[in-house]
Amino acid sequence: MSRWIPDESGEEASLLEALGIRSTDELFTDVPKRARIGRMGVGPARDEPEVVAEVDRLLERNRPLSKFSSFLGGRIACRYSPAAVDAIVSRSEFYSAYTPYQAEASQGMLRTLFEFQSLWVEMTGLDVANASLYDGATAAGEALLFCRRLHEGVRFLVPASLPWEERSVLENYASGPGLRVEGIPYDDRTGRLDLEFVRAAVAKKDVFGVLADVPNGFGLVDEGVPELKGILGDVPLVVAADPLSLSVLEAPGNYGADVVVGEGQGFGIAPSFGGPLLGLFACRKEHVRAAPGRIVGATLDTEGRRAFALTLVTREQHIRRSKATSNICTNESLMALAFVVYASVVGPRGLARLQASLAEKARTLASGLGSIEGLQAPRFDAPYLGEFTVELRRGTADEFLDRLRRRKVLGGHSLKDLRPGAASDAERVLVGIPESTSEKDIQKYLRAAQAAIGAVGRTA
Amino acid sequence: MTFRQARWDEPAVWDLAPPRTAEAPPEISGIPEKLRRKEAVRWPELSELEVVRHYTRLSQMNFGIDTATYPLGSCTMKYNPKVSELLARRKGAAEVHPYQPEATVQGSLELLWRLERVLSRITGLPEISLQPAAGAHGEYAAMLMVRAYFRDQGELAERTEVLLPDTAHGTNPASASMAGFTTREIRDKDGSVDVAELRRAVSKKTAAFMLTNPNTAGLFESEILEIAEAVHSVGAILYYDGANLNAILGVTHPGRMGFDVAHLNLHKTFGTPHGGGGPGAGVLAAGEKLGPYLPVPRVVKEGRKFRFDYDRPKSIGKIKAAYGNFGLDLRAYAFILSHGEEGLKHISRRAVLNSNYAASRLGKYLPRPFRSLVKHEFVLSGTPLKERGVRTLDLAKRLLDEGVHAPTVYFPALVDESLMIELPETESKRELDGYIAAFERAISDTAENLHAAPRSLAVTRVDEVRAAREPLLSWKDLRAASAKAETP
């Protein structure tokens, strides 16, 4: 029996007595006999030390990132989170609360979400942010549907270099209303989007939105992205931005983005095998009634005090049902709290310094790898921040990464894994720079890469 | 006991520090001028202690389950065990990247696999995916699966409609609509599905019927087997919204009731925290018909090793990055281990006992619109309050002054002035009696006091109409509003 179910002697008996029944069986007479089940086949209850031991036994079969020199990244970042962030997130007034429907009892979370929304507005240069979505990929999916509410058409253009996971999520969001997701080709030397392709597509009048990611799936900052809005005219532009990059890069709202989405996990949220994550969404004020998700607004209480409440709820599922702008109910509020606490503890200058430091380490590693025979790094002739792409001139990326792993280096992601089925990807590896990367880690990667590519050469 | 919530005159985070003059962030070589941010992000530079104090003060102006009884109907606000919080923060859980080589994440994979297997036994449906981030996300994924299934059957062109009872959560019609279906509501009969009307409504146009059981009126749909038969007779899919699973653990399950596909909320039935609105964790459970359409990757066991399987040709693909909210999956697994078979059964028996006890006591004060035997939650109607010039909303606000959270109000919509109360199994008889006494005091108070409530929280009644009429949605809006106010 669970010790979390209160079981003071006689407690349940007195509840039964008050109801004038003998057993809880009498409370289930409305379940027809033919629908009853016997045992479910769940094991016996364990006490707390046993539960801890059992979960620890499983977790010990993992090899956490600290056991390696890790260069994993992609949309999930490995950054240090100051202990203060978890201390606040661990306050159960926050984590054990429900969605703040009763504004007066929930001012703490409502104000936090208002501050979170404000931060994403400042970072993106747009006007309105919602109180979070599930993750960066679903935020892009919601952006797709949002664009369709703003503009006619059937085609949504995304970079062909977009990671497969995000493309697949987008295709699912597109499938309900019968829309299509199409890849924008890129230049294989610079990784830049083919703007003429976009121009020609838009001229056909059936494109309802275009998404560009900054940095993109190869880690590149595409200089063509700020030119997109000039080509699109009134077709909405979605920019999927890494929040840390926005500490040093132009706010997308300033070069015409109508929507900015992003994955917020890198701000104070552990990788945790990929979840929970944090979906970021901002748009222009004139489009707010088409926006998905909860939004907190500022107002007053009856005594004229500043107060906050969920607002513009007529967009939402619990009011509009099938006509809602999205089905989302539970979002990622606690992760939004982590995001705003992280940004406030690190501060805007700290964020920019962190991004600059990651970029510098990336350049050191890329130029080191580039001097190894058999590797081309960085693969693209384009600016990058904390991630870059390496191409192997021989052997496979999988084999290369396997050999690195034997030397305790997690060398990055094979772009084939990130984009299965994208045959053009040759043998390429996306290398990320976690915050903890030291000079020693970089040297270790370089030695391991030298040995790995040498070994690949011999077996080939 | 007199309840007083903290009332800090706490400024906004940006008002804690004087505004900085704009300065440019450091230059990063290679980044072209047109892409460089010219001014640092406008946000204050604060000491760590200032930040910690700020958010600690905000937390003290927030109600959680740990603060007080939280009887929000349909939300299952049960105790969130502390041991789960401890375990989710272990290095082996938190410091693991989703794209690490499978050989280095065998523990995570095994945990997911074990959780899937036990949820399969709990739901009676063989195939499980933990990918959805929340219940509504699971509903949506399931509707995409229904779509893919009928496409393979060559029937997608005619299967355009999803049916729902009028008691359905708003997420149900919204999810069906996002997946490209039109929706039609089936009227209830005394709070339950009118099976005769359902039989008339189903046809070759019907793709699915979405049902919560027990439903949002707190009633078990006793004609569930007839409902399943009616839905299946036209080849449609029966969908289980698992929001109310807390009432039926070990009594029945979606598989036995005839459902083809289901979602569960780990953050309701399985004790993971609601996080002030999320993160949640949805679970998809499917029978043989829809199992092949579940999102990829699936977790498979081969010998003693675990791996991800992407090779599922019928799968709808991905609905989210990575594999789901692992941190919540781990908490739910610890919760299930802690309860075991008998503990899980006890959950539902006690939750339903608590609910019927409170319903019978509170039924003296407000009418109960449906039959008296309820499951884990019950509905009252605040209609008689109107004679005193009082509304359900006033009663809800007055309850907050008692130091307990308000019930869900104005849902389900089929009951006038509805209140929906759920007191999960972790509430003791003492807490129940305390809640009932608070309810008695609140409802017996004068109309004047009810209108003036709440008075003991961080703020008094919040003007939500103003919030919607003059939207101020960010610091940027506040700056613009105060600039406008200063302009003569």
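## Report on a predicted two-chain model

Of the 460 residues in chain A, 60% count as buried (20 or more other C-beta atoms within 10 Å of a residue's own; exposed means 12 or fewer, partly exposed in between, with C-beta atoms placed from the backbone). This is a predicted model, in which local features need pLDDT of at least 70 and side-chain atom pairs count only at pLDDT 80 or more, while totals for chains, interfaces and linings use all residues. Residues are numbered from 1 along each chain as its sequence is written, and chains are lettered from A and ligands numbered from 1 in the order in which they are written.

**Chain A overall.** Chain A has 14 helices and 15 strands, which are DSSP runs numbered from the N terminus (helices: H or I, at least four residues; strands: E, at least two). Its C-alpha atoms fill a box of roughly 85 × 55 × 50 Å along the principal axes. Among contacts between residues at least 6 apart in sequence, 71% join residues at least 24 apart; two residues are in contact if their C-beta atoms, placed from the backbone, lie within 7 Å.

**Helix H8 of chain A.** In H8(A), residues 195-203, the buried positions include Val198(A), Ala201(A) and Val202(A). These cover an arc of only 95° around the axis, which puts them on the same side of H8(A); the arc is that of the directions from the helix axis to the C-beta atoms. Glu196(A), Ala200(A) and Ala203(A), on the other side of H8(A), are exposed. The cover over the buried residues includes strands E3 (155-159), E4 (180-184) and E5 (207-214) and helix H9 (228-232) of chain A. Just after H8(A), Lys205(A) takes a positive phi of about 70°.

**Backbone exceptions.** Most residues other than glycine have a negative phi, and most peptide bonds are trans.

| Site | Feature | Value |
|---|---|---|
| Phe273(A) | positive phi | about 55° |
| Ser74(B) | positive phi | about 75° |
| Gly275(A) to Pro276(A) | cis peptide bond | omega near 5° |
| Ala453(B) to Pro454(B) | cis peptide bond | omega about 0° |

Phe273(A) is found in the loop between E7 and E8 of chain A, and Pro276(A) has its place in the loop between strand E7 (259-263) and strand E8 (279-283) of that chain. Phe273(A) is buried, with 30 other C-beta atoms within 10 Å. In chain B, Ser74(B) lies in the loop between helix H1 (48-59) and helix H2 (82-88); with 20 C-beta neighbours inside 10 Å, Ser74(B) counts as buried. Pro454(B) is in the loop between helix H14 (447-452) and helix H15 (464-469) of chain B.

**Contact between the chains.** The contact takes 161 residues from chain A and 167 residues from chain B. On the side of chain B that touches chain A, helix H11 (residues 326-362) of chain B gives the most, with 23 residues.

Helix H11 of chain A (residues 333-370) packs against H1(B) at an angle of about 155°, with the axes 8 Å apart; axes are lines fitted to C-alpha atoms, for helices over the stretch in contact, and angles run from 0 to 180 degrees between N-to-C directions. H11(A) is therefore roughly antiparallel to H1(B) (angles over 145 degrees; under 35 is roughly parallel, 65 to 115 roughly perpendicular and the rest oblique). Val341(A), Ser344(A) and Val345(A) of H11(A) make the contact with Glu48(B), Val51(B) and Tyr55(B) of H1(B).
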